[in-house]
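Please look at the structure below before reading on. The paragraphs that follow go through it part by part.

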Amino acid sequence: MKKENKKKEDYFMSIDWFISNVKTIFYAILIALFIRTFFFQPFFIPSSSMEPTLVIGDRLFVSKYKYGYSRHSFPLSINLLNDRIFFDNPERGDVIVFKVPLNSNENKDSFGVDYIKRVIGLPGDNIKMKNGKIIINDKEIKRKKLRTDQKLLSNGKILEIRVFLEFLPNGKSYEIYDIYDDGPSDNFNTITVPPNSYFVLGDNRDNSKDSRFVGPIPKVNLVGKAEIIFFSTKGSTILEFWKWPFELQYKRLFNLIR
């Protein structure tokens, strides 16, 4: 009888242990989802479209509360909100994450891909580009050449890239890459930014799919503001810790995003 009671006791203890661990994992997931939805969400930079500000391998935190909340604040863009609540306008020069409108010609909200770009035009602005220079409301924004960087391409060639410091009308400044002034996306006629929408550009001007291609971004598609780089590697994943001493980009850790 003692052995049978001992087995029953061990059995119920095992069940209690299992249930306790399931509850712990469940609560941990709920807390993580809550933080991800309402406060901060991590993102990975897979392309060079925002160089030199953000480079491939950067991991950053995006504040979800900065511009309020919409359906795209929730995982899988669950349609719990028809509009944006607690909305606060992005400022010119903010680096933002947003969902690309699939039907960008009609500027409708849709289940799009996460992109990260810089806000250049606000609602009502007239934006055009001439020979690589941005003109906002008939005023060309200033920029100053800083240096020339060299980038090794996959084919072994070295690309010379001009680096400019660009100044927006509100005083915000940041570095951009600009290879040439006569590329296919260096000239476009005046675009008036619709109400409740934003015109965005990548800092790597000749290698970015932005509002020049997908159109202005509706406010409902905003996901959040990029705030800080918390981790950065040249190729390894965040779990491949044995590669960190060789691939970790130490100078980029905990850099605030300008």
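A salt bridge is a side-chain nitrogen of Lys or Arg within 4 Å of a carboxyl oxygen of Asp or Glu. Side chains of opposite charge can pair when their charged atoms come close. Residues are numbered from 1 along each chain as its sequence is written, and side-chain values use heavy atoms, with hydrogens and water left out. This is a predicted model, in which local features need a pLDDT of at least 70, side-chain atom pairs count only at pLDDT 80 or more, and totals for chains, interfaces and linings use all residues.

The term pLDDT stands for the predictor's confidence in each residue, from 0 to 100. The protein averages 89 on this scale, and 91% of the residues score at least 70. Over residues 106–111 the pLDDT stays under 50. For this stretch the model has 20 contacts beyond four places in sequence, where contact means heavy atoms within 4.5 Å.

Now to the salt bridges. The structure holds 14 of them. In one, the side chains of Glu-51 and Lys-151 meet at 2.7 Å, N to O. Glu-51 lies in the loop between β1 (40–44) and β2 (58–63) and Lys-151 in strand β8 (residues 142–152), so the pair ties together parts that are 100 residues apart in sequence. To describe how covered a residue is, buried means under 20% relative accessible area, exposed over 50%, and partly exposed in between, with a 1.4 Å probe and protein chains only. Glu-51 counts as buried because its relative accessibility is 8%; Lys-151, at 28%, counts as partly exposed. The peptide bond from Glu-51 to Pro-52 is cis, with omega near 5°.

A second salt bridge joins Arg-252 and Asp-58, with the closest N and O atoms 2.8 Å apart. This pair also links distant parts of the chain: Arg-252 is in the loop between α3 (244–247) and β15 (255–256), Asp-58 is in strand β2, and the two are 194 residues apart. Both Arg-252 and Asp-58 are buried.

Arg-162 and Asp-181 form another salt bridge, with 2.9 Å between the closest N and O atoms. Arg-162 belongs to strand β9 (residues 158–167), and Asp-181 to the loop between β10 (173–178) and β11 (188–192). Through salt bridges that share partners, Arg-143, Arg-162, Asp-178 and Asp-181 are joined into one network.

Next come the strands. Strands of a sheet pair through backbone hydrogen bonds, either parallel or antiparallel. Here two strands pair if DSSP finds at least two bridges between them. Three strands form an open sheet in the order β8-β9-β10, with antiparallel pairing. Its edge strands are β8 and β10, each of which pairs on one side only. β9 and β10 pair over six bridges, and Phe-164 has Ile-176 in β10 as its bridge partner.

Two hairpins follow one another elsewhere in the chain. Strand β5 (residues 126–130) pairs with strand β6 (residues 133–136) in the antiparallel sense over four bridges, and Lys-128 stands opposite Ile-135 in β6. Two residues lie between β5 and β6, and Asn-131 in the turn has a positive phi of about 50°. β6 is also joined to strand β7 (residues 139–140) by two bridges, again antiparallel. In this pairing, Ile-135 stands opposite Glu-140 in β7. The hairpin of β6 and β7 has two residues between the strands, and there Asn-137 takes a positive phi near 50°. Asp-138, in the loop between β6 and β7, has a positive phi near 70°. Asp-138 counts as exposed because its relative accessibility is 75%. Most residues other than glycine have a negative phi, and most peptide bonds are trans.

Arg-92 is in the loop between β2 and β3 (95–99) and is buried, with a relative accessible area of 13%. Leaving aside neighbours within four places in sequence, Arg-92 is in contact with residues including Val-119, Asp-125, Ile-136 and Leu-168.
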